[in-house]
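Trainee: I have a protein model to look at, and I would like to learn how to read it. Could you walk me through it?

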Amino acid sequence: MSAPQKMRLDKWLWAARFYKTRKLAAEAVSGGKVHLNGQRSKPGKEVIPGSRLHISKNGLEWNIEVLVLSPQRRPASEAATFWKESEQSREQREKQLALLRAARAAAPIHTEGRPSKKDRRLIHRFKQQ
């Protein structure tokens, strides 16, 4: 089976594993989180090899070029070959990831609700000493 010449944007985002479902991909495109060739678009917009995408997801950004159109979702290792990310975009995304990790490490651990059975045993042992 040969690869298609063009494909819906939401379907490509799903097949390239940027989003877990096509519905999530369509919502992201409709919400302005994905720009095709520098412009906001609709989920049904056609993507061709060579199209440029700007994707914002969970505080991270990708600037990529579409290389392959796949009619079905493939494994993550293969899906990574469907697109090519610019070097500048990759470096910026890695900096954003490092900042997010540092913020998460510095944040206090917050537990909610009652202590578990294990926690209660530890509390009782501590109080008995």
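Mentor: Let us begin with a pair of strands: β5 (residues 52–57) and β6 run antiparallel and are joined by six bridges. Helices (H or I, at least four residues) and strands (E, at least two) are DSSP runs, numbered from the N terminus, and two strands pair if DSSP finds at least two bridges between them. Before we go on, note that this is a predicted model, in which local features need pLDDT of at least 70 and side-chain atom pairs count only at pLDDT 80 or more, while totals for chains, interfaces and linings use all residues. Residues are numbered from 1 along each chain as its sequence is written, and side-chain values use heavy atoms, with hydrogens and water left out.

Trainee: Which residues of β6 stand opposite Leu53 and His54?

Mentor: Leu53 faces Ile64, and His54 faces Asn63.

Trainee: How do the side chains along β6 point?

Mentor: To read this, we need a term: buried means under 20% relative accessible area, exposed over 50%, and partly exposed in between (1.4 Å probe, protein chains only). In β6 (residues 60–66) the side chains alternate.

Trainee: What happens in the hairpin between β5 and β6?

Mentor: Two residues lie between the strands there, and Asn58 takes a positive phi near 55°. Asn58 is a residue other than glycine, and at 66% relative accessibility it counts as exposed.

Trainee: Where is Asn37 found, and what is its phi?

Mentor: Asn37 sits in the loop between β2 and β3. Its phi is positive, about 55°, although Asn37 is not a glycine. With 48% relative accessibility, Asn37 counts as partly exposed.

Trainee: In what order do the strands of the sheet lie?

Mentor: Five strands form an open sheet in the order β3-β2-β5-β6-β7, with antiparallel pairing. The edge strands are β3 (39–40) and β7, each of which pairs on one side only. On the β7 side, three bridges join β6 to β7 (residues 83–85), and Glu85 in β7 is the bridge partner of Ile64.

Trainee: Let us turn to single residues. Is Leu36 buried or exposed?

Mentor: Leu36, which lies in strand β2 (residues 34–36), is buried, with a relative accessible area of 7%. Leaving aside neighbours within four places in sequence, Leu36 is in contact with Ser41, Lys45, Glu46, Val47, Ser51, Arg52 and Leu53. For a sense of distance, the C-alpha atoms of Leu36 and Thr21 are separated by 19 Å, and these residues are 15 apart along the chain.

Trainee: What about the helices? Which residues does Val29 contact?

Mentor: Val29 is found in helix α2 (residues 22–30) and counts as buried at 0% relative accessibility. Setting aside neighbours within four places in sequence, Val29 is in contact with Leu9, Leu13, Val34, Ser41, Lys42 and Pro43.

Trainee: And Asp10: is it buried or exposed?

Mentor: Asp10 is buried, with a relative accessible area of 4%. It belongs to helix α1 (residues 9–15) and touches Arg22, Ala25, Ala26 and Pro43, not counting residues up to four places away in sequence.

Trainee: Now the whole protein. How many helices and strands are there?

Mentor: There are five helices and seven strands, and along the sequence they follow the pattern β-α-α-β-β-β-β-β-α-β-α-α. The radius of gyration is 21 Å, well over the 14 Å that the globule rule gives for 129 residues, so the protein is more spread out than a compact globule. That radius is taken over C-alpha atoms, and the globule rule is 2.2 Å times the number of residues to the power 0.38. The C-alpha atoms fill a box of roughly 75 × 30 × 30 Å, taken along the principal axes.

Trainee: What share of the residues count as buried?

Mentor: Of the 129 residues, 26% count as buried. As for contacts, among those between residues at least 6 apart in sequence, 46% join residues at least 24 apart.

Terms used:
Contact = heavy atoms within 4.5 Å.
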